[in-house]
Structure formats: C-alpha cells, structure tokens
Amino acid sequence: MSKLKIGIAGAGIGGLAAAIALREMGQDVVVFEHTKQFLRVGADINLTPNAVRALDGLGADVAAAVRRTAARPTHRISRTWDNGEETSRLEMGDTAEQKYGAPQLTIHRADLLAALAAAFPAERVLFGKHVEHIQAEEQGATVSFDDGSSHKLDLLVGADGIHSAVRSAMFGQERPRFTGVVAYRAVVPAESLAGVPNLQAFTKWWGPTPESQIVTFPLNAGKDIFIFATTAQESWHLESWTTQGSVQELRDSYAGFHPDARVLLDACDEVLKTALYERDPLPAWASGHLVVLGDAAHPMMPFMAQGAGMAIEDGVVLARVLRGVTQSGGIPAALRRFEELRIERTSKIQLGSRGNNWLREGGNADWVYGYDAWKVA
Ligand SMILES: Cc1cc2nc3c(=O)[nH]c(=O)nc-3n(C[C@H](O)[C@H](O)[C@H](O)COP(=O)(O)OP(=O)(O)OC[C@H]3O[C@@H](n4cnc5c(N)ncnc54)[C@H](O)[C@@H]3O)c2cc1C
C-alpha cells in the first residue's frame, strides 16, 4: 500500500500528537521544528479527561510516561476572591476516570513533550527547520526553510503555534490580538504550604473582574503547586515563556484576595510573566493540500484549560480522517471532513474561553470532558 508523504511544521504538543497518530495509521510522516532541540521551558499543561483519553490512544508507552510525572487533581473547585465562598466543586480523580474513561492530569509541558517524542522516531523530527515559504501545488505542497532546504509533500500540516507561518501562507498575515490581559506563572514546593486547604485540587479563585483570577493545582506528581494568575494590564505586551516578572507586583495585584489564595503568592520566590494573545475562530482550516491545527488554527485564552487538549484532539482526528487515504487526490475531501468534525467544537471552546465563565457555578462538563477523539471519525 502506498503512503502519503506528510510534513508537519512544529514539534509542539499538537504536531507530535498528529505525527504519532498519522504514523500509526500507516502514513509517511516527517516533523519540522524550528528550535535546535526540545527545550525545558514553560510550565504546566492542564489535561482534562478528553485530552488524556486522546493521549492514551497514542499508545501504552505515552499513557505510562505521562502518568509517571503528572499530578492528578482531586477536584475542580471554584471560590470567590474576597470571601472565599465555594461556588462549585466537581469530583475529578477516580470519579472522573470512571465517568469519562480517563482522569484529569496536570504535567510540565516539557514532560508531556518528552512522552510524545519518545513515541515517534527521533530521526523523523528535523530540528533547526524554520518554515519560511510554502508553495501550494495541484497535488501537494513544497515547504522551504531558512537553511535553504526544501521538502516536497503530499500534505503540509501547520502545527506551528499561535504565530503560524503555515496559517499566514494560507490565509494572509493577520496577527494575533493582545487581549489586555497578562498571566503570571509560578511553582512552589507543596511542603512549604503545609496546612493550606485543597492543595491537591484544581482551584480557581474568581476575581472582581473577568480578567482577574488565580488558579492553583498540583504539578510534578503533587510535589509542587502551580500558580497561574491573570489580570488586566494594558501596558505589558511581551509574549514570552521565559521572562521573569516581579513577585511584588504579583502579590500587589491580588492584595484583596482571600488569605487562602494569598498564602500561595506569599510563598513564591520567582514568577514568569507573559502577555496573552488570541485570535477569532477561523471559518476554514484547510486549503488544497495545506491544513492547520492546534494553536495555529485556534489560539485561545487559557480560561477553560483546553489549549493543549484541543491540539491533541485535532491531531488524532486528522489522522483518523486520513486513514486509508493513499493517493494525494483523496486529501482535500478528508480535510473537509476534518473541518466538519473539529471547527464547531474548537470555536465554541475558543469563544467560551474568552467569556471566562466555565464551571463558575457548577454545570455539566460532559460536552468538553466526555469527547472521545478516537470515536468521532
Ligand atoms: C516554548 C513553549 C512553551 C509553552 N509553555 C506553555 C505552558 O507552560 N503552559 C501552557 O499552557 N502552554 C504553553 N505553551 C503553549 C501550548 O503548548 C499550546 O498553547 C498548546 O499546547 C497547543 O499546542 P500546539 O502544538 O498547537 O502549539 P505549541 O505547543 O506552541 O507548538 C508549536 C511548535 O511549532 C514550532 N514552530 C513555531 N513556528 C515555527 C516555524 N515557522 N517553523 C517550524 N516550527 C515552528 C514551535 O517551536 C513549537 O514547537 C508553550 C508553547 C511554547 C512554544
């Protein structure tokens, strides 16, 4: 049986998930990544049951590897910023696993990338390949890189993140929009927080304005607690996974919050700071033999914790719509099916994340957490 020659731009979460799934389905896959190697940058990735179920289908090794370092939040709790009132509580842990077939896991992004990278042949990930130019052709595409090399493909998948070069080649140079919101990320050893309630839960403190919130949850198998806080700040535009912020500024921004939240901020020694950017949902993700997925297709605010989950689901569903497709002529129809299956769900989540009201007063999480990417196509 002949195979499609598929190139994936971006060895991030969505690109690697797609690469593993497409290879499993018998396709000839190569991944182009512009960094020189995998880097241990960033921090938490939140994987709700829908994301973990999609990952589990990538193989027993991936499933075991993510569980080795991840934490399993016990609950999903909402509390009000000033009086500490609990407005919703969802059982996660074993209850979610029984209900949805997979638990919620929280994991360092680098550990998730390592688990995915180990399940794909290392020689098929080409580092130092920055996508510079894409030539769409009748039966495929040729992608060129800043090192002067190029590859001719049956299909090019743009999994190259929020500033996707593939997306720009397909739909023009529209840039992500600054949301007026900044995010602080910090990690604190759990042992330094003895006595703080619900440390092993995912807790969201809803602030006085929609942009103001603090989320805390376990990381590194529960040994650390991760803090993710957002607030409006028009003056800071720098988008970065490595820029240090001011711990004092972090504490000042949430000075009026309940002592149970503030005690976590008081325990921080250092904090990362970034501006948050997003885009509107796209009406189409494919054009001929080009397609985008993950943040390249639908970068979103973090308030539903679905950015990585949607990218992993995209990768699985893309592989499934292409299974059995052996001639490049069959690709456009498969990509139309991919759009039909994915755009409505991800657009709803993109807009829901912008609205930032998800599970504030409880509600039914099944349409998000109960989705099974391995069954939709
Ligand atoms: C370095 C980094 C750290 C992050 N840390 C966190 C975090 O701590 N918490 C969190 O919630 N989210 C983090 N994210 C974002 C998160 O991974 C995504 O929002 C989500 O997982 C969707 O994944 P994705 O695969 O679509 O995009 P990404 O995970 O962003 O992956 C995109 C990949 O494409 C590569 N790339 C970009 N442009 C090109 C190009 N022109 N040519 C070739 N390759 C290219 C990037 O280097 C990256 O590997 C991080 C992203 C990056 C790139």
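Trainee: How many residues of strand β2 are buried?

Mentor: This is a predicted model, in which local features need pLDDT of at least 70 and side-chain atom pairs count only at pLDDT 80 or more, while totals for chains, interfaces and linings use all residues. Residues are numbered from 1 along each chain as its sequence is written, and side-chain values use heavy atoms, without hydrogens and water. Strands (E, at least two residues) and helices (H or I, at least four) are DSSP runs, numbered from the N terminus; buried means under 20% relative accessible area, exposed over 50%, partly exposed in between (1.4 Å probe, protein chains only). Strand β2 spans residues 28-33 and is mostly covered, the buried count being 5 of 6.

Trainee: Which residue in β7 is the bridge partner of phenylalanine 32?

Mentor: Strands pair if DSSP finds at least two bridges between them. β2 and β7 (residues 125-127) run parallel, joined by 3 bridges. Within β7, phenylalanine 32 has as its partner leucine 126.

Trainee: Is glutamate 278 buried or exposed?

Mentor: Glutamate 278 forms a salt bridge (Lys or Arg side-chain nitrogen within 4 Å of an Asp or Glu carboxyl oxygen) with arginine 354, at 2.8 Å between the closest N and O atoms. Glutamate 278 lies in strand β16 and arginine 354 in helix α10, so the pair ties together parts 76 residues apart in sequence. Arginine 354 is partly exposed at 34%; glutamate 278, with a relative accessible area of 5%, is buried.
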